[in-house]
Protein chains: 2
Amino acid sequence: MQRPVLYARPNLACSSCNLAELCLPVDLNAAEMRKLDELSHSKRSFTRGDYLYRCGDKFQSLYAIHSGSFKTQVLHEDGHEQVTGFQMVGEIIGMDAISSDKHTCDAVAMENSEVCELPFSKLEALSREIPNLQRHLHKIMSREIVRDQGIMLLLGSMRAEQRLAAFLLNLSQRFAARGLSPTKFQLRMSRHEIGRYLGLQLETVSRTFSHFQDDGLISVRVRSIEILDLQRLQACLNNSRY
Amino acid sequence: MQRPVLYARPNLACSSCNLAELCLPVDLNAAEMRKLDELSHSKRSFTRGDYLYRCGDKFQSLYAIHSGSFKTQVLHEDGHEQVTGFQMVGEIIGMDAISSDKHTCDAVAMENSEVCELPFSKLEALSREIPNLQRHLHKIMSREIVRDQGIMLLLGSMRAEQRLAAFLLNLSQRFAARGLSPTKFQLRMSRHEIGRYLGLQLETVSRTFSHFQDDGLISVRVRSIEILDLQRLQACLNNSRY
DNA sequence: ATATCGGTTTGATATATGTCAAAATCCGTG
DNA sequence: CACGGATTTTGACATATATCAAACCGATAT
């Protein structure tokens with residue numbers, strides 16, 4: 001079993017699932033850790049295509065991804081979707097639902113995955129007792145807001161090449177933060193899903209991958225990616241059209 | 001002085017600025033209200049173009065907009081910007097900064113405006129004491145995440161007409177929630193700013209306004225908007241290309 | 001090993017929106 | 001009230017990306 005070493009941006013510990021070993025825990029003492037342990041009882045398993053929750057579902061819990069990965073998506077009237085994120089091990093999802101007590105997006109497994117359920121009312125009660133946990137929870141929500149800002153920038157003012165460069169560099173960083181290779185990895189999502197995330201058609205995604213390969217920035221064989229020149233990929237991201 | 005009547009989505013009360021009268025307060029008893037009153041001491045004034053905070057500024061406080069309006073924007077390397085939102089009376093901004101203790105965007109006044117400062121550590125302390133306030137704070141942050149999802153959908157998969165329709169309908173709702181006319185209002189932002197928000201060039205924004213007018217959906221004279229047919233505008237929003 | 005099916009790549013063409021430029025309009029200031 | 005700079009509108013044209021279509025590839029099942 002793969003075992004991430006260190007997270008650049010640690011999330012909530014999830015001790016009952018032994019996630020405490022995986023996610024660098026918040027700065028808590030032993031007693032506090034124990035209480036956090038008691039928070040999450042159940043671990044659920046999913047295979048590709050399974051829904052963790054659906055838009056409209058009643059809100060009960062946040063979820064810590066223990067293994068595997070998910071995508072979140074919002075649907076428009078006419079059925080077409082926007083992928084709002086790809087989440088991987090150690091990340092927390094479900095925060096959209098707090099505001100209205102209903103989930104406002106779907107969360108779908110992209111591979112065999114496990115999540116720890118974190119009942120939100122218990123989490124709130126505990127974070128009233130433990131200020132460090134409270135602040136941590138706020139940081140996690142704030143981080144989601146910052147992430148969203150970045151995606152708005154991407155969707156609102158970058159061209160296709162910049163978007164894909166940003167996507168690859170983001171994956172690279174997140175793999176690195178989990179002790180995996182920042183330059184060689186397998187994509188868990190299809191060209192269509194990448195397109196729905198980046199606001200592009202799948203053909204444009206495919207073509208842009210090919211351009212990057214022709215330019216020697218990456219080597220790509222379907223879902224196997226190797227980044228050959230991180231610096232130039234970064235330069236591509238920074239080189240806006242305007 | 002204009003006096004909003006009721007907010008569909010109440011935000012934090014800001015009693016020291018008499019915002020308690022404006023924003024429907026959280027469900028707090030008198031003692032709790034008093035404590036919340038003591039939270040915010042200072043009210044600051046701004047004129048168009050003034051910065052409430054800048055990207056990189058140290059995080060101290062959230063801000064409740066007491067009068068006027070602001071825009072928030074993120075900047076890319078090459079200097080071009082994405083407007084991430086237009087905020088009006090009763091809304092809370094600054095939550096981006098919690099995650100890293102630094103603001104990750106600029107907040108700029110769009111007209112003469114006043115804000116109440118809400119020192120975040122005090123807000124956290126108080127929300128440990130008052131569960132209703134705690135939940136309210138979480139809802140406000142979650143609502144921001146949901147709002148961002150909507151913008152991603154807009155930027156990632158809508159055409160220019162849908163984007164502008166969504167923009168106008170959103171303004172309409174928010175004015176209505178403040179007891180103002182949902183169909184007749186003044187824009188506070190330039191075509192350029194609307195464009196930076198919607199991921200369009202200002203010329204495209206202008207042309208799309210003209211199309212809407214030609215089609216009898218709205219009447220527009222520069223910054224004066226009248227929505228003539230809310231239903232068809234809504235239909236325009238729902239009529240995706242895909 | 002072969003067939004099948006979904007996913008991917010590539011090509012040809014269409015189109016929405018961007019870009020550049022000029023005219024029109026608005027608004028604050030002298 | 002007129003001036004001047006900023007903003008907005010409109011037009012002509014360019015281009016990035018979407019669309020449509022076909023070939024290709026890789027995994028899974030027969």
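This is a predicted model: local features need pLDDT of at least 70, side-chain atom pairs count only at pLDDT 80 or more; totals for chains, interfaces and linings use all residues.
Residues are numbered from 1 along each chain as its sequence is written, with chains lettered from A and ligands numbered from 1 in the order in which they are written. Local features need pLDDT of at least 70 and side-chain atom pairs count only at pLDDT 80 or more, while totals for chains, interfaces and linings use all residues.

Q: Which element gives the largest share of the surface near DNA strand C?
A: A residue is near a strand if its C-beta atom, placed from the backbone, lies within 6 Å of it. Helices (H or I, at least four residues) and strands (E, at least two) are DSSP runs, numbered from the N terminus. Of the 22 residues around DNA strand C, those that come nearest include A:Ser206 and B:Arg159. Two or more residues each come from α6 (191–198) and α7 (202–214) of chain A and from α7 (202–214) of chain B, and the largest share, six residues, is that of α7(A).

Q: Which element gives the most to the surface near DNA strand D?
A: DNA strand D is surrounded by 21 residues, and B:Ser206 and A:Arg159 are among the closest. Elements giving two or more residues are α7 of chain A, with α6 (191–198) and α7 of chain B. The most, six residues, comes from α7(B).

Q: What share of the residues in chain A is buried?
A: Chain A has eight helices and eleven strands. A residue is buried if 20 or more other C-beta atoms, placed from the backbone, lie within 10 Å of its own. Of the 242 residues in chain A, the buried share is 47%.

Technical notes:
A residue is buried if 20 or more other C-beta atoms lie within 10 Å of its own, exposed if 12 or fewer, and partly exposed in between; C-beta atoms are placed from the backbone.
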